[in-house]
Amino acid sequence: MTRRSEFLAANAGRRVPMPGFVLLVHPRSDDDETIRVGFTVTKKIGNAVVRNRMKRRLRALARDLMPEQGIAGADHVLIGRQTGKERDYATLRAELAKALEKAKRR
């Protein structure tokens, strides 16, 4: 996802907060079963180096888990949180798996 309108539409979807990030899931109304993913890290998190590192970690998480556990035909947005930059990768991965399960149940 790259356009602002797509991120705003995803904001109207389901919200699953976790300690390291917030997951937004918004089912699209088209017939496309593609899983789309977007990433957001605000300036409150830190400078550009810190924000880019956080986005790289979120991208790696999405690459690992989204193909198997993501919701088909939905937009997923991962919003980085301040505590996410100190958490280790295994913890973030477990949190994302838990968040995706919660999003499927709702």
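**Figure 1. Helix 2 and its span in the predicted model.** In this predicted model, helix 2, residues 48-69, is built from 22 residues and reaches 30 Å from its first C-alpha to its last, which is close to the 32 Å expected at 1.5 Å a residue. The helix carries a kink of about 35° at R63, shortly before the proline P67. Its buried residues are V50, R51, M54, R57, L58, A60, L61, A62, L65 and M66, and the cover over these residues includes strand 2, strand 3, strand 4 and helix 3. An α-helix has 3.6 residues a turn, so residues three or four places apart point the same way.

Figure 2. Four strands make up an open sheet in the order 1-2-4-3, and their pairing is mixed. Strand 1 (14-17) and strand 3 stand at the edges with a single partner strand each, so that one side of each is left without a neighbour in the sheet. On average, and with direction ignored, neighbouring strands of this sheet are turned by 20° against each other. Strands of a sheet pair through backbone hydrogen bonds, either parallel or antiparallel.

Figure 3. Strand 2 runs antiparallel to strand 4, and the two are joined by seven bridges; here V22 has I79 of strand 4 as its bridge partner.

Figure 4. Helix 3, residues 89-105, lies across strand 1, strand 2 and strand 4, and runs at about 35° to strand 2. The helix has 17 residues and reaches 25 Å from its first C-alpha to its last, close to the 24 Å expected at 1.5 Å a residue. Its buried residues are L92, E95, L96, A97, A99, L100 and A103, and what covers them includes strand 1, strand 2, helix 2 and strand 4.

Figure 5. A hairpin through three residues joins strand 1 to strand 2, and the two strands run antiparallel, joined by four bridges. Within this pairing, the bridge partner of R14 in strand 2 is V25. V16 is found in strand 1 and has a relative accessible area of 1%, so it counts as buried. When residues up to four places away in sequence are not counted, V16 touches F21, V22, L23, A99, K102, A103 and R106. Of these contacts, A99 is 83 residues apart from V16 in sequence, yet the two are 6.0 Å apart in space, C-alpha to C-alpha; A99 is itself among the buried residues of helix 3, as is A103.

**Figure 6. R28 in the loop between strand 2 and strand 3.** R28 is found in the loop between strand 2 (21-27) and strand 3 (36-40). With a relative accessible area of 15%, R28 is buried, because buried means under 20% relative accessible area. With residues up to four places away in sequence not counted, R28 touches T34, R36, G73, A74 and D75.

Key. Residues are numbered from 1 along each chain as its sequence is written. This is a predicted model: local features need pLDDT of at least 70, side-chain atom pairs count only at pLDDT 80 or more; totals for chains, interfaces and linings use all residues. Side-chain values use heavy atoms; hydrogens and water are left out. Buried means under 20% relative accessible area, exposed over 50%, partly exposed in between (1.4 Å probe, protein chains only). Contact means heavy atoms within 4.5 Å. Two strands pair if DSSP finds at least two bridges between them. Axes are lines fitted to C-alpha atoms, for helices over the stretch in contact, and angles run from 0 to 180 degrees between N-to-C directions. The expected span of a helix is 1.5 Å times one less than its number of residues. The bend at a residue is the angle between axes fitted to the seven residues ending there and the seven starting there.
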